[in-house]
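Subject: A structure for you to explore

Hi there,

Here is the structure I promised to pass on. Have a look around it first, and then read my notes below.

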Amino acid sequence: MTDINTLKKAAFGFSQLPDDQIIGFESSFGAHHYGRLKLVVRKAEGAWLWDINDKKYLDCLAAYSAANQGHHHPAIVKAVVDSLQGNYGSVISNVVYTDALGLFLKRVANLVPQMGLRFGGNANKVLPKNGGVESVETAVKMARYYGFKAKGIEDGKQQIIVFTRNFHGRMITTISFSPTPKYKEGFGPLTPGFKIVEFGDLEGVKKAITPNTCGILVEPMQGEGGMYPAPKGFLKGLRELADEHDLLLLFDEIQVGLGRTGKMFCFEHENVVPDGIILGKAISGGLIPVSVFVTDSKLMDMAFQPGRDGSTYGGYPLACVAGIAALDVIEKENLVENSRKMGEILKGKILDIASRSSHVKEVRGSGLFIGIEVKDGDAMVFCRKLLDIGMLANDSYGHSIRISPPLIIGEEEVDYIADKLEKVLVD
Ligand SMILES: Cc1ncc(COP(=O)(O)O)c(C=O)c1O
């Protein structure tokens, strides 16, 4: 049987290749750039994953928020399958227009609150890419060009302020301003032009601003960096500093946007509107990589004219179809409200468990984005135990168990999560 037929068979049941063989293939033929837990997933549906023995696991990682709508959401699958069967979806040369792109751009531009209010409210514009890190780079380009063109900073001298424990992806520019040595050691020369300030330290930001500063790039709640919400008043303070010093305030909501924290956008917890936002992951419902950078029209037009940016697959029809369907699901199924409601119940249960556990140091987060920091700093010990008893979770920053299931879960799944956490955290 050819490999493709093996996989086709899997579509109607489970592939019968044994786990060890699949792990062996990865080990022999794949880069070892992820440390994996020992689970070979054979099927994924809604909030659940299955192994070859039909054992179920509740997916409390949801591909780092990419599967917010649940795996293989029927409406998103249907939209994708319909478009492919209708000979509509394949990549089209970017020298011509497609209706899918037009409709997707309009949808995203209207979904995001008006960015960059101080630029006059000229309506949002959207630049589409594939993986999240690509749109982070778009945002960096935007801030640098703003510094050069609008502020008169000498090209090459622009500086952007970023934060401790930041995570914005793993390409050269984003690792260049990562504070994590493992991400960047030996990969130099790195991209200059970034200053790292303590997350939450407004005085530090003030001190870091120079005449060459053009922007501030921040996650309104840190995901990979240990599940830390911005301290109260921090985002507002950044907004004030950005206004005072004419800096672009850019929020990376790739992981925390689109309902994850119980609001459509994480910045809505503080009612602070940035000048640009980066979205990814859940924007296409876990089927096709899509990311976007959204900003005010005046800024977008200033920085990006033909030839100044581009991506062969960025905004191709299939991605746009998936994107529109994925956003429909978030709205029609009230996933933002469900995330808030289920998150509140779940956090209450986790706090109760924490009060009886000798292992928990702190519980943080909102909506269905909850971090449980453990006292001895090794969250993976607990994640492995959770996997054994039917729940997939992993660590954030080593010290915290990240609980971020698909936003479709109900009270039954909330009870399931609490039951499993009770088993591993309470002696
Ligand atoms: C906040 C944030 N920014 C950027 C990225 C990078 O996204 P991608 O892995 O799709 O390139 C991630 C991925 O986890 C993220 O959490």
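A quick definition before we start: strands, labelled E, are DSSP runs of at least two residues, numbered from the N terminus. Please also keep in mind that this is a predicted model.

Let's begin with strand E7, which covers residues 213–218. Six of its six residues are buried, so E7 is largely enclosed by the rest of the structure. Which strands does E7 pair with? One is strand E5 (residues 159–163), which runs parallel to E7 and is joined to it by three bridges. Another is strand E10 (residues 248–252), also parallel to E7, with four bridges between them.

Next, the ligand. There are 15 residues around it, and those that come nearest are Gly131, Gly132, Val133, Gly169 and Gln255. Helix H6 (residues 132–149) gives the largest share of this shell, three residues. Sorted by class, the shell has five nonpolar, seven polar and three charged residues.

Finally, the domains. The protein is divided into domain 1 (37–69 + 334–425) and domain 2 (83–332), and their C-alpha centres lie 27 Å apart. Where they meet, 26 residues of domain 1 are in contact with 26 residues of domain 2. On the domain 1 side, the largest share, five residues, comes from H13. That side has ten nonpolar, 13 polar and three charged residues.

Enjoy exploring!

Best wishes

Methods. Residues numbered from 1 in each chain as written. Predicted model: local features only at pLDDT ≥ 70, side-chain atom pairs only at ≥ 80, totals over all residues. Buried ≥ 20, exposed ≤ 12 C-beta atoms within 10 Å, placed from the backbone. Pairing = 2+ DSSP bridges. Near = placed C-beta within 6 Å. Nonpolar A, V, L, I, M, F, W, Y, C, P; charged D, E, K, R; others polar. Domains from an automatic or database assignment. Contact = placed C-beta atoms within 7 Å.
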